Amino acid sequence: KQWYQRRVRDYRHVKCNVCQTVPQDPAICLICGDLVCVRSQCCKWLEMGECTKHAQQCGTGTAIYLVIMSSTVVIIRGERVYLWGSVYLDQHDEEDIDLKRGKTLYLSNTRYECLNQQWISHSFDHVLKRWGWHQSQF
C-alpha cells in the first residue's frame with residue numbers, strides 16, 4: 001500500500017515547470033506526471049488557468065489531476081470540471097478531503113481502477129453527472 005503522506009512529502013517542494021516556483025496548491029497530472037499550479041494567477045495564460053492549458057496539451061482537452069494538499073481528484077474536460085473524490089482512503093475506506101482529519105491514507109486499488117477504467121473507456125461524460133463550469137479558475 002502506498003501512503004498518501006509520501007506523495008505530499010515528495011511533491012511539497014517541487015517547482016512548477018511554468019512559473020518555476022513551488023505552488024501553494026500543487027496538483028499532479030495523473031496522465032503524464034507533471035506538476036501544475038491549481039487556482040493560481042502565476043501561470044494563467046490568456047485567462048486560462050494552468051490546469052486547463054495543460055489539459056489541452058496533454059490530453060486534448062481532458063486531464064485528471066490529484067490535488068496534493070486536499071487528496072481530491074479533479075477532472076478537467078474542456079470548460080468543465082468534476083470533483084471526482086479521492087483514490088486515497090483511510091483504514092476504514094473513508095476519504096479525508098482537504099486532509100482535515102489527519103488520518104493516514106492509502107492508495108485504494110478499487111478507486112484507482114475505477115478512475116482508470118473511466119479514463120481508458122472515455123466514459124466520463126456517461127458516468128459523471130455533476131459537472132460544473134470552471135470559468136478559467138483551473
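Look at Arg80 first: in this predicted model, Arg80 lies over the face of Trp131, 4.5 Å from the ring centre. Trp131 itself is buried, with a relative accessible area of 18%, so it falls under the 20% cut-off for that label.

Trp131 also has an aromatic partner. The structure holds two aromatic pairs, and one of them joins Tyr82 to Trp131 in a tilted arrangement, 5.5 Å centre to centre with 55° between the planes. What does this pair tie together? Tyr82 sits in strand E5 (residues 80-85), while Trp131 is in the loop between helix H4 (124-127) and E8, so the contact links parts that are 49 residues apart in sequence. Tyr82 is buried too, at 14% relative accessibility.

The other pair is made by Trp119 and Phe124; it is tilted as well, with ring centres 6.4 Å apart and planes at 40°. Is Phe124 buried or exposed? At 3% relative accessibility, Phe124 counts as buried, whereas Trp119 is partly exposed at 27%.

Here are the two pairs side by side:

| Aromatic pair | Centre to centre | Angle between planes |
|---|---|---|
| Tyr82 and Trp131 | 5.5 Å | 55° |
| Trp119 and Phe124 | 6.4 Å | 40° |

Now for the sheet. Six strands make up an open sheet, running in the order E2-E1-E3-E4-E5-E8 with antiparallel pairing. At the edges you'll find strand E2 (35-37) and strand E8 (132-133), each pairing on one side only.

E1 has a neighbour on each hand. Towards E2, three bridges join the antiparallel strands, and Ala27 has Val36 as its bridge partner there. These two strands form a hairpin with five residues between them, and Gly33 in the turn has a positive phi of about 90°. Towards E3, the pairing is again antiparallel, over three bridges, with Ala27 standing opposite Val67.

Note on methods:
Residues are numbered from 1 along each chain as its sequence is written. This is a predicted model: local features need pLDDT of at least 70, side-chain atom pairs count only at pLDDT 80 or more; totals for chains, interfaces and linings use all residues. Side-chain values use heavy atoms; hydrogens and water are left out. Two strands pair if DSSP finds at least two bridges between them. Helices (H or I, at least four residues) and strands (E, at least two) are DSSP runs, numbered from the N terminus. Rings of Phe, Tyr and Trp (its six-membered ring) pair if their centres lie within 6.5 Å; planes under 30 degrees apart count as stacked, over 60 as edge-to-face and the rest as tilted. Buried means under 20% relative accessible area, exposed over 50%, partly exposed in between (1.4 Å probe, protein chains only). A charge sits over a ring if NZ of Lys or CZ of Arg is within 6 Å of the ring centre and within 35 degrees of the ring normal.
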